[in-house]
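Please read it alongside the sequence and the structure shown here.

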Amino acid sequence: MMRVARGAIIGLMLLLALPLAVRALFPLSEKYYLHLLVQILLWSFIYTGWSLMGRFGLTSLGHGAFTGIGAYTVVLLWNFAGLTPWLGIPAGVALAVAVALLVGYPCFRLRITGHYFALLTLALTEFVRLCIVGLRDYTGGSLGTQPARYGDGISLYAMQFEPDRMLSYYVALALWLVGLAIWRWVDRSMDRYALDAASQDEDAAASVGIDVTREKLKVTAISAAMCAAGGAVYGQYQMYIGPDTIAGLGVSLNIVFAVIAGGMWVLLGPTVGAVFTQLLSEGLRVAIQSSALLKAWLGSAALALDTALYGLLLVLFIIYMPKGILGTAIEWWQKRAAPAAPQPLRPSSAETTTPPVRAS
Amino acid sequence: MDCHLDIFFLEAIINGLLLAGLLALLALGLNLVFGVIDVVWICYAELVMVGMYGIHYAYKGGMPFIVAALIGIVLIAIAGAILHHLVIRPVLDSAPINQLLVTGGVLFFLQAAATMAFGIDFKNLGIRLGSVGFADMSFAWSRIITFAIALAGMLALWLFLSRTFLGTAIRAIAQDRQIMPLMGVDSRKIYLVTSAIGGGLAGLAAALMVLQYDIYPQIGLQFGPLIFMICVLGGLGNMIGGFIAAFIISQFIAIGGSCVATEWGYAIAFLFFMVVIFIRPQGLLGTKS
C-alpha cells in the first residue's frame, strides 16, 4: 500500500512538471504538445465516467447524449442568457442526471440489460442529437456553435482558458484527478460490491437485500454527471461544439471503445485508452505528414487511416484482450511477480460477499 | 407547423408506407441474424453501405443494373459469412455485449475504409425512373419498386424458412440452441448460412437504396440507429414484429417530416420507441424470456 501511495505521489509530481518539461524541450511546438495532453486528460475524465457503469455490465451507448447535454446547456445558457458556466455546468450536469434517471429507472426496474440496454441507450443518444440539430436556431444545427468569447478569451468568470495552453493543462489535470478520486471512491464503497453482485446475478443480489435498481441508479447518476461535466469543460476548451464532435453515436462509440482498449476494470484503464487512441491518430497523422511516400500513396485518404486501424485493433482487442491494455499488462505483471513473492491471500471471500449495509 | 388533412398529408402517409417496405427489409436481415445466432450486428448498415458502393462501381463499370445488383447481393452475402467467421465466431462464448461491441469495431473499420477507398463525396447512380402522378400526388417509381421488391424479398425468405429443410433447421436452431446440435444439425454451418442470408438481405436493401439515395461513407449512421430501433420495437429476433414496427416508425418519420421538420419526425420516433419499450420491454411481439 505504501508503495502504491509513493508511486501516486511521484506520478502526480511528474504530471505537474510535465508542461514545464514540454516548454523546455519543444519551445516551438509547445502549443501542439500541450493541446495533445489536454485532449487526453479531458477525454480520460469522460472515459473514466463511463467506465463506472461499464465495469458493472451496464454497457451504455447513451453517454454521447450526456456529454452533449452538458456542453450544449453551458454554451446556450452563456450565449443566450449570459449565465456564467460556473452556474451553467451545474445546470447541465443536473439536466444530464435527470435524463439519466428518467431513462435509467424504467430500464433497471424492468431489468433491461445486455443488447436491449445498449440499443435503448443508443436511441437516447440519437434522440438528443436530433433535438440538438432540430433546435438549429439556437444550437447552429449540424454546423455546431461557439461560446461567445469573453474579453481576450481568458476569464475566470466565463470559464474560458483556451488561449493559455498551460492553464488549460492544469484545468484538465485537476478535472482528471477529480475523476480518478470519484472512481476510487466508488471502487471502495459498498455500492461497488452490491453492483458487482448484481452484474453477476440480479436475483441472487436482490435476495440478499440489495436494492439493485437503486444501486444502479446511483452509479448511473454519477457516471452521467461526470460525462456531462467533461463534455461541458471540453466545449469550453475547444471553444466549439458540434452535434458530431461532442454528442451523437460516434462519441458514444468512441467512449466505449477507448475504455475497452485501455481496460475497463482498472483505475487508469480509461486514461490508457485515451492515451492510446490519441497517440494512434496523432502518430499516424505525423507519420503520414512527414513521409512523402505515404502522402503520395494515400493522399487525402490518409485522414481515415487512423480510424480504419482503430476499428481493426478494437476487433482484435475484444477477441484477444478483453481486459484491455492496462488490464492485461497488470495481469501479466502480477503473474510474473507471483512466484517470486507470493501475495498474501486476501480475506476476500468474507469481504466481497457481505451484503451492503445501508443506513436508510 | 402547418398540418392539415389534405392531399399532401395523404401523400406523406403513402410515402411513409413505401419507406416502411425498405425499413422492414433492413430490419429483417438483422432480426434473422439475431434470432438465430443471438448477435446484434451493429455494423449492419455499414454492410449495406459497402454493398451500395459495390453496386455503384459495377454499374459505372458498364454492367446492366440487374447484374450489378446481383453482384452486390452476392458480395454482401459473402461479407456476412466472412464477418461471422472472422469476427463473431471467436467471441460466441464470451459476454453477449462483447459480440455487439466487436461488430462496432467493424463499423469503424468499414466506414474509414470506405472513406479511404471511395472518398467522402456523394455518389449517385444517375438512374432516373421518374414518378407516377395520381390525384395531385406524385410518387417516385424508385420508391414503388423498392416497396414491391422488399415485400417480394421478405416473402421469399418466409417461403425459404417454412418450406425448405435448411430453413426449418434455421428456425429450429433459433428456438433451441442447445438441443439442435444433439439432433444432428451442424450449428456452425447453420450460423454461416444464416449470416450469408442476413448479408444477402443487406445486399438486396443496398440494391434498392442506390435507386433512391446518394452514397457516402457515413450513410450507415443515418440508417443504422433506425434499423436497431425497429428491431427492438418489434422484439429483437421477431421478424413479424420488425415488419409491423417498420410501418409504425416510418409513419412517424413521414408525418413528422411533412408537418414539422425531418429531424423532429425522427426525434419523436425515438422518443416513442423509448416509451413503448418502458411499457413493453420485450417489444411489440417479443415474448418474455
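In this predicted model, buried residues account for 53% of the 289 residues in chain B. Chain B is built from eleven helices and two strands, which follow one another along the sequence in the pattern α-α-α-α-β-β-α-α-α-α-α-α-α. The radius of gyration of chain B is 19 Å, close to the 19 Å that the globule rule gives for 289 residues, so chain B is as compact as a globular protein of that length. Along its principal axes, the C-alpha trace of chain B spans about 60 × 50 × 35 Å. Of the contacts in chain B between residues at least 6 apart in sequence, 76% join residues at least 24 apart.

Helix 6 of chain B, residues 165-175, shows how burial is arranged within one element. Its buried residues are B:A169, B:I170, B:I173 and B:A174, and because these fall within an arc of 140° when seen down the helix axis, they line one face of the helix. The face turned away from that buried side carries the exposed residues B:F165 and B:Q175. The elements of chain B that cover the buried residues of helix 6 include those in the following table.

| Covering element of chain B | Residue range |
|---|---|
| helix 1 | residues 7-37 |
| helix 5 | residues 141-163 |
| helix 7 | residues 179-182 |
| helix 8 | residues 187-209 |

Helix 1 of chain B also packs with helix 10 of chain B, residues 239-259, where the two axes come within 7 Å and cross at roughly 145°. Helix 1 of chain B passes helix 10 of chain B in a right-handed crossing, and the contact between these helices comprises 19 nonpolar, seven polar and no charged residues.

The contact between the chains takes 40 residues from chain B and 38 residues from chain A. On the side of chain B that touches chain A, the elements giving two or more residues are helix 4 (96-118), helix 9 (219-234) and helix 11 (262-279) of chain B, and the largest share, 17 residues, comes from helix 4 of chain B. By class, the residues on this side of chain B divide into 33 nonpolar, six polar and one charged.

In chain A, A:R184 lies in helix 7, residues 165-188. Is A:R184 buried or exposed? A:R184 is exposed, because 11 other C-beta atoms lie within 10 Å, and a residue counts as exposed at 12 or fewer. The C-alpha atoms of A:R184 and A:L267 are separated by 7.3 Å, although these residues are 83 residues apart along the chain.

How values were computed: Residues are numbered from 1 along each chain as its sequence is written. Chains are lettered from A and ligands numbered from 1 in the order in which they are written. This is a predicted model: local features need pLDDT of at least 70, side-chain atom pairs count only at pLDDT 80 or more; totals for chains, interfaces and linings use all residues. Two residues are in contact if their C-beta atoms, placed from the backbone, lie within 7 Å. Helices (H or I, at least four residues) and strands (E, at least two) are DSSP runs, numbered from the N terminus. Ala, Val, Leu, Ile, Met, Phe, Trp, Tyr, Cys and Pro count as nonpolar, Asp, Glu, Lys and Arg as charged, and the others, Gly among them, as polar. A residue is buried if 20 or more other C-beta atoms lie within 10 Å of its own, exposed if 12 or fewer, and partly exposed in between; C-beta atoms are placed from the backbone. The arc is that of the directions from the helix axis to the C-beta atoms. Axes are lines fitted to C-alpha atoms, for helices over the stretch in contact, and angles run from 0 to 180 degrees between N-to-C directions. A crossing is left-handed if the near helix is turned anticlockwise from the far one by less than a right angle, and right-handed if clockwise. The radius of gyration is taken over C-alpha atoms; the globule rule is 2.2 Å times the number of residues to the power 0.38.
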